[in-house]
Amino acid sequence: MTRIVILGANGQLARQTTGVLLRTSDAALTLYLRSASRLKNPDPQRVRIIVGDVLDVLTLTTAMKNQDVVYAN
C-alpha cells in the first residue's frame, strides 16, 4: 500500500486529488492542514488528518515520516 501525505489538504485541488486517490487506488492518505475543523475525514479507515503549518518543521517532518509520496498543493 502506498502512503501519501497531502500538504494543504483543504485546498480545492487537494480535495479533488484526495477524492481521486480514494476512488482509484488503495493508498493510505495523510491530510496535512492548518485547521482540521475545515475538513471532514472522507474515509477514517484510510485517511488520517494532521493539523500543522508547513512552516512548522517539526510537525511537518513528523507528518512526512514513513510516507512514500509527498504531494504539496
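Contact here means heavy atoms within 4.5 Å. In this predicted model, V5 meets that criterion with T30, Y32, A63, M64, Q67, V69, V70 and Y71, leaving aside its neighbours within four places in sequence.

**V5 in strand β1**
- V5 belongs to strand β1.
- With a relative accessible area of 0%, V5 is buried, because the limit for that class is under 20%.
- V5 and V69 are 64 residues apart along the chain, and their C-alpha atoms are separated by 6.4 Å.
- T30 is one of the residues in contact with V5.

**T30 in strand β2**
- T30 sits in strand β2, which covers residues 28-33.
- The relative accessible area of T30 is 3%, so this residue is classed as buried.
- Not counting residues up to four places away in sequence, T30 touches I4, V5, I6, R48, I50 and Q67.
- One of these, R48, also makes a polar contact with T30, side chain to side chain, at 3.1 Å.

**R48 in strand β3**
- R48 lies in strand β3.
- R48 has 41% relative accessibility and therefore counts as partly exposed, whereas its polar-contact partner T30 is buried.
- Setting aside neighbours within four places in sequence, R48 is in contact with L29, T30, L31, A63 and Q67.
- Q67 is among the residues in contact with V5, and Q67 is also among those touched by T30.

**Salt bridge**
- The model has 1 salt bridge.
- R3 and D68 form this pair, and their closest N and O atoms are 3.5 Å apart.
- The pair links distant parts of the chain, 65 residues apart: R3 is in strand β1 (residues 3-7), and D68 is in the loop between α2 (57-64) and β4 (69-72).
- R3 is partly exposed, because its relative accessibility is 36%.
- D68 is likewise partly exposed, at 45% relative accessibility.

**Largest pocket**
- The largest pocket holds about 180 Å³ of space.
- Its lining consists of G8, A9, N10, G11, Y32, L33, R34, S35, R38, G52, D53 and V54.
- Sorted by class, the lining has 4 nonpolar, 5 polar and 3 charged residues.
- Y32, one of the lining residues, is among the contacts of V5.

**V54, a lining residue in a loop**
- V54 is part of the lining of the largest pocket and lies in the loop between β3 (47-51) and α2.
- V54 has a relative accessible area of 43%, so this residue is partly exposed.
- Apart from neighbours within four places in sequence, V54 is in contact with L7, Y32 and L60.
- The C-alpha atoms of V54 and N73 are separated by 11 Å, and the two residues are 19 residues apart along the chain.

- The phi angle of N66 is near 65°, a positive value in a residue other than glycine.
- N66 counts as exposed, because its relative accessibility is 55% and the class begins over 50%.

Note on methods. Residues numbered from 1 in each chain as written. Predicted model: local features only at pLDDT ≥ 70, side-chain atom pairs only at ≥ 80, totals over all residues. Heavy atoms only, no water. Salt bridge = Lys/Arg side-chain N within 4 Å of Asp/Glu carboxyl O. Helix = DSSP H or I, 4+ residues; strand = E, 2+ residues; numbered from the N terminus. Buried < 20%, exposed > 50% of the residue type's maximum accessible area, 1.4 Å probe, protein only. 1 Å grid on protein atoms, 1.4 Å probe; cavity = no way out; pocket = protein on both sides within 12 Å on 5 of 7 lines; lining within 4 Å. Points joined across faces, edges and corners; volume = space filled by probe spheres on them. Nonpolar A, V, L, I, M, F, W, Y, C, P; charged D, E, K, R; others polar. Polar contact = N/O pair within 3.5 Å; in protein donor to acceptor, adjacent residues only side chain to side chain.
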